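Hello,

Here is the structure I said I would pass on. My notes follow below it.

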Amino acid sequence: MEVKNLIIGDGFLAKGLAAKLEIERESFLMTSRTPLKKNYLDLLRPGKFVFPNGIKTVFFCAGIAEKFKCEEEAAYTRKVNVGGTLRILKRCYEKKIKFIFISSAEVFDGLRGGRNNFEMRNPKT
């Protein structure tokens, strides 16, 4: 069976998405940030990752999420979170692969839940 979906990330959001795709019987492959694991992807060097043939959609759930680390190591985390994401996005664009960036409610102000996609973003981080 040809794999159509690529989940970039192996954290909480990625695992939840993988569980949903399994229920829906959608084929997928998940990357790992662990160097010794299969499908390793380093966001500092995303050009080394080989996209499997047949991928139609990339679900991007990767990056450094710990607020304290982003504050203490701003330059490094920006390279990973912004630079790595943009390089993957560019590769997807060049290969005509749909790119879906999965984020958390942290893009809002955290004052209330139930947000929709059209509300203004106001991150406090």
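Helices (H or I, at least four residues) and strands (E, at least two) are DSSP runs here, numbered from the N terminus. Residue numbers start from 1 along each chain as its sequence is written. The model is predicted, so local features need pLDDT of at least 70 and side-chain atom pairs count only at pLDDT 80 or more, while totals for chains, interfaces and linings use all residues, and side-chain values use heavy atoms, with hydrogens and water left out.

Lys96 sits in the loop between α3 and β4. Its phi is positive, about 60 degrees, although Lys96 is not a glycine. Lys96 is exposed because its relative accessible area is 74% (exposed is over 50%, buried under 20%, partly exposed in between, with a 1.4 Å probe and protein chains only). Arg25, in the loop between α1 and β2, also has a positive phi of about 60 degrees without being a glycine. With a relative accessible area of 75%, Arg25 is exposed too.

The sheet

Four strands form an open sheet in the order β2-β1-β3-β4, with parallel pairing (two strands pair if DSSP finds at least two bridges between them). At the edges are β2 (28-30) and β4 (98-101), each of which pairs on one side only. On average, neighbouring strands of this sheet are turned by 20 degrees against each other, direction ignored. For angles, axes are lines fitted to C-alpha atoms, for helices over the stretch in contact, and values run from 0 to 180 degrees between N-to-C directions.

Three bridges join β1 and β2 in the parallel sense, and Asn5 stands opposite Phe28 in β2. Helix α1 packs on the sheet and touches β1, β2 and β3 (57-60), with its direction at about 160 degrees to that of β2. Helix α3 (residues 74-95) packs on the sheet as well, touching β1, β3 and β4, and its direction makes about 155 degrees with that of β4. Contact means heavy atoms within 4.5 Å.

The cores

The largest nonpolar core has 16 residues, and those with the most contacts inside it are Leu6, Ile8, Phe51, Val58, Ile88 and Cys92. Such a core is a set of buried Ala, Val, Leu, Ile, Met, Phe, Trp, Tyr and Cys residues joined through side-chain atoms within 4.5 Å. Its largest share, three residues, comes from α3. Leaving aside neighbours within four places in sequence, Ile88 is in contact with residues including Ile8, Leu41, Phe51 and Phe99. Another core, of seven residues, lies apart from it, with Ile7, Ala14, Ala18 and Leu21 among them.

Aromatic pairs

The whole structure holds three aromatic pairs (ring centres of Phe, Tyr or Trp, the last by its six-membered ring, within 6.5 Å; planes under 30 degrees apart are stacked, over 60 edge-to-face, the rest tilted). Phe60 and Phe101 form a stacked pair, 5.9 Å centre to centre with 15 degrees between the planes. Phe60 is in strand β3 and Phe101 in strand β4, 41 residues apart. Phe60 counts as buried at 0% relative accessibility, whereas Phe101 counts as partly exposed at 47%. Ring pairs link Phe60, Phe99 and Phe101 into a cluster.

Asp10

Asp10 lies in the loop between β1 (5-8) and α1 (12-23) and counts as buried, at 14% relative accessibility. Its side chain makes polar contacts with the side chains of Ser32 (3.3 Å) and Arg33 (2.9 Å). A polar contact is a pair of N or O atoms within 3.5 Å; within protein, one must be able to donate a hydrogen and the other to accept it, and residues adjacent in sequence count only if both atoms are side-chain atoms.

Regards
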